[in-house]
Amino acid sequence: MSINLEAYQQVLSRLKPYEAKLVAVSKTKPAADIEAFYAAGQRIFGENYVQELTEKQAALPADIEWHFIGHLQSNKVKFIAPFVDTIHAVDSLKLLQEISKQAAKHQRIIHCLLQMHIAEEETKFGMDEQELQQLLQAYTTNPAAFSSVRMAGMMGMATNTTNETQIRKEFHQLQQLFGSVKTNYFNNEAYFKELSIGMSSDYAIALEEGSTMVRIGSLLFGERNYSQM
Ligand SMILES: *Cc1c(COP(=O)(O)O)cnc(C)c1O
């Protein structure tokens, strides 16, 4: 095991003054590693792959709050709808509709974060502002169609770079957008409050730019080795 419980305590103490939450990103890591953080008190874990998440959920304690943080295909929502707490990467109206439909089947409410494309790389998922406006229009025109989702906030991933100025600028722009979306669409909705930004390499910047939820993997669990999956 290469898990780092010392880093875990350090991250928690850095989050504390901001009252930000930690999503411990356990993708590709064995259940035993999750159990070690669970024993240390961690309850929120983030996963990227549907099958891996459903297998871990079945094997691990029932009070874990599971967050799906990766790109999610609409046809796979049904597999995680019975238990998932929050879906971070909602990037289309179609996906939001499907989440609400599947959550309703299980008489559940699933928290959703709207994923914005803020990085320079073409490959990162997320909406541009026009797509966001279209989604929000559809949502506010017929909120009853989305009664089983709770619009909990927004999410983004900064460019993978060592240029801190660039990262800060991207987080800052998302924080500004988040503020205006809150004012214009969710002013009376206390639950639209989460800004999910920050990973192992950039979470300190994200906290300074208003993060309420950081998603940290390799710092806690060690580097991922995809070839072993
Ligand atoms: C893997 C992943 C993370 C965690 O990345 P680390 O650099 O290991 O902290 C965070 N967010 C998303 C969306 C991820 O896919």
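## Ligand surroundings

The ligand is surrounded by 13 residues, and the closest of them are K27, N48, S200, S218 and R224.

In S200, an N or O atom of the side chain is 2.5 Å from an oxygen atom of the ligand. R224 likewise has a side-chain N or O atom facing a ligand oxygen atom in the distance list, with a separation of 2.8 Å. For R215, the ligand atom is a nitrogen, and it is 2.9 Å from an N or O atom in the side chain.

The ligand taken alone exposes 390 Å², and the protein buries 91% of that.

## The largest pocket

The largest pocket of the predicted model has a volume of about 570 Å³. It is lined by 25 residues, of which K27, K124, M157, M199 and R215 are the closest to its centre. K27 is also among the residues closest to the ligand, and R215 is the residue whose side chain has an N or O atom 2.9 Å from a ligand nitrogen.

## The annotated domain

An unreviewed UniProt entry carries the annotation "domain: Alanine racemase N-terminal", which covers residues 8–224. In the model, this span is 41% helix and 18% strand.

Methods:
Residues are numbered from 1 along each chain as its sequence is written. This is a predicted model: local features need pLDDT of at least 70, side-chain atom pairs count only at pLDDT 80 or more; totals for chains, interfaces and linings use all residues. Side-chain values use heavy atoms; hydrogens and water are left out. On a 1 Å grid over the protein atoms alone, a cavity is a set of points where a 1.4 Å probe fits but cannot get out, and a pocket is an open set with protein on both sides within 12 Å along at least five of seven lines; lining residues have an atom within 4 Å of a point. Grid points are joined across faces, edges and corners, and a volume is the space filled by probe spheres set on the points. UniProt positions are given in the numbering used here, feature names are shortened, and annotations may be inferred rather than shown by experiment. Helices (H or I, at least four residues) and strands (E, at least two) are DSSP runs, numbered from the N terminus. A residue is near a molecule or strand if one of its heavy atoms lies within 4 Å of it. A polar contact is a pair of N or O atoms within 3.5 Å; within protein, one must be able to donate a hydrogen and the other to accept it, and residues adjacent in sequence count only if both atoms are side-chain atoms. Accessible areas come from the Shrake-Rupley method with a 1.4 Å probe; for residues, only the protein chains shown count as cover.
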